[in-house]
Amino acid sequence: MNSFILAIDQGTTSSRAILFDREMKMVGSGQKEFTQHYPASGWVEHDPEEIWSSVVATVKAALKSAGRHASDVAAIGITNQRETVVIWDRATGKPIHNAIVWQDRRTAPLCQKLKKQGLEKKFTRKTGLLLDPYFSGTKIAWMLDKVKGARKRAEKGELLAGTIDSFLIWRLTGGKVHATDATNASRTLVYNIEKNTWDDELLAILGIPAKMLPQVKDCADDYGITEESLFGAEIKILGVAGDQHAAAIGQACFEPGMMKSTYGTGCFALLNTGSDLVRSKNRLLTTIAYRLNGKTTYALEGSIFIAGAAVQWLRDGIKVIGKAEQSGMLAAGADPTQEVYLVPAFVGLGAPHWDAEARGAIFGLTRNSGPAEFARAALESVAFQTRDLLDAMRKDWKGASVKTVLRVDGGMVASDWTMQRLADILDAPVDRPTILETTALGAAWLAGSKAGVWPKARDFAKSWALERRFKPEMNASARSAKLAGWRDAVRRTLSVQ
């Protein structure tokens with residue numbers, strides 16, 4: 001019986017495919033990095049064709065490593081880097097331009113123009129988002145304006161637009177299905193999250209023809225069937241969710257008040273608010289956590305642009321470590337009498353500040369400051385930024401005022417030192433699960449539950465297993481002093497004082 005579930009995890013720096021068995025255990029995987037393109041300062045692009053070939057290669061590698069055939073797979077679940085957007089030719093499937101990545105800042109002038117026109121409140125009320133280059137809508141508008149002939153072709157219905165999930169679905173199904181899920185749609189800046197529909201007024205403001213956009217489906221839904229020629233057999237695509245939403249699902253955050261935080265290139269914290277669409281007063285994002293069986297569950301989200309990327313900076317930028325995993329050990333040896341703060345605003349500051357013009361800074365340096373103090377400052381910056389998000393969430397939503405337990409995942413959580421410092425700064429327990437591949441697991445659960453191979457939400461939640469709980473150990477006065485120093489450093493870094 002075809003009882004295996006395949007998760008495609010298309011990320012910012014690599015594509016992965018993981019094969020799970022009926023018991024939800026990983027039995028095979030493949031991973032392939034792809035090129036990051038930086039055509040101008042603040043611009044980040046990916047080649048959609050390279051992404052596509054990397055996905056096909058990793059699916060084949062995952063099947064091969066498990067000794068399985070495509071005919072053994074009951075369903076595919078897709079999770080993807082959010083907000084990254086592609087426009088392609090409806091007839092040929094060929095992209096008209098490189099994908100513009102979520103990190104890209106080229107549309108900052110357009111966002112500022114719209115803000116000056118007093119339109120941010122309108123966008124926020126309808127989408128839960130802020131006018132920031134981070135989101136997909138202004139990226140689509142930029143391509144339509146800058147690629148020769150694109151706008152006319154789009155108006156004729158010759159071009160399609162979508163986030164990476166939509167592009168992959170189109171390619172996997174041989175151009176038969178143009179679809180996305182509610183979570184990815186909710187990150188585009190043109191999707192009304194209350195009405196669950198593309199918003200004609202916002203599309204008109206950005207000049208995006210509605211006919212370009214995909215059909216929006218539930219996260220666990222029918223997204224078509226892969227072409228047999230790709231993997232040797234047809235496979236149903238039954239689940240889709242943006243990476244942070246898939247991680248929340250993989251962490252079994254199904255109940256209001258549950259919170260997860262993923263520490264990858266950036267850090268993304270989601271707090272489940274149930275059916276309560278919370279409109280943030282503290283510049284957090286309101287987003288769709290997931291939509292199942294036509295029922296929408298909402299979340300508050302805090303987005304930190306630089307988390308693991310700060311460790312990459314230690315390794316590749318100032319070369320104080322050779323490998324990322326050395327950062328925690330180095331930080332543990334830092335001089336406790338020195339208070340060095342890194343505000344990692346390398347590409348601006350995300351929530352709750354949303355300052356696109358801020359740039360990174362280091363405070364508190366002395367003649368004795370060295371690699372250990374830099375490493376500690378980089379890792380602590382992640383904890384401080386998470387605390388800022390948690391404080392904002394507690395102000396926004398009454399359900400977050402209870403004692404929070406944070407479920408964590410992503411590459412950084414392997415460091416015991418970092419997780420302990422996170423618990424200390426949050427003054428809250430931090431739970432690290434036995435399965436750290438929560439993003440892929442969430443995508444797989446969507447597909448597996450829809451296929452009838454995996455359990456429904458309640459039983460899936462029971463399978464979540466704790467590897468280690470980190471409890472706060474820092475005394476209150478030390479924590480307060482550190483937080484005061486951090487807030488002063490951030491205040492000095494903001495572009496508008």
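Me: Which residues does UniProt list for "binding site"?
Reply: The unreviewed UniProt entry lists Thr12, Arg82, Glu83, Tyr134 and Asp243; UniProt positions follow the numbering used here, feature names are shortened, and annotations may be inferred rather than shown by experiment. Thr12, Arg82, Glu83, Tyr134 and Asp243 from this set are in the lining of the largest pocket. A pocket is an open set of points on a 1 Å grid over the protein atoms alone, with protein on both sides within 12 Å along at least five of seven lines, and lining residues have an atom within 4 Å of a point. This is a predicted model, where local features need pLDDT of at least 70, side-chain atom pairs count only at pLDDT 80 or more, and totals for chains, interfaces and linings use all residues. Residues are numbered from 1 along each chain as its sequence is written, and side-chain values use heavy atoms, leaving out hydrogens and water.

Me: Why is Thr12 called buried?
Reply: Buried means under 20% relative accessible area, exposed over 50%, partly exposed in between (1.4 Å probe, protein chains only). Thr12 has 12% relative accessibility, so Thr12 counts as buried.

Me: And what makes Arg82 count as buried?
Reply: Its relative accessibility is 2%, therefore Arg82 is buried.

Me: Which residues does Arg82 touch, not counting residues up to four places away in sequence?
Reply: Among them are Trp102, Tyr134, Asp243 and Glu301, where contact means heavy atoms within 4.5 Å. Thr12 also touches Trp102, and its other contacts include Phe34 and His46.

Technical notes. On a 1 Å grid over the protein atoms alone, a cavity is a set of points where a 1.4 Å probe fits but cannot get out, and a pocket is an open set with protein on both sides within 12 Å along at least five of seven lines; lining residues have an atom within 4 Å of a point.
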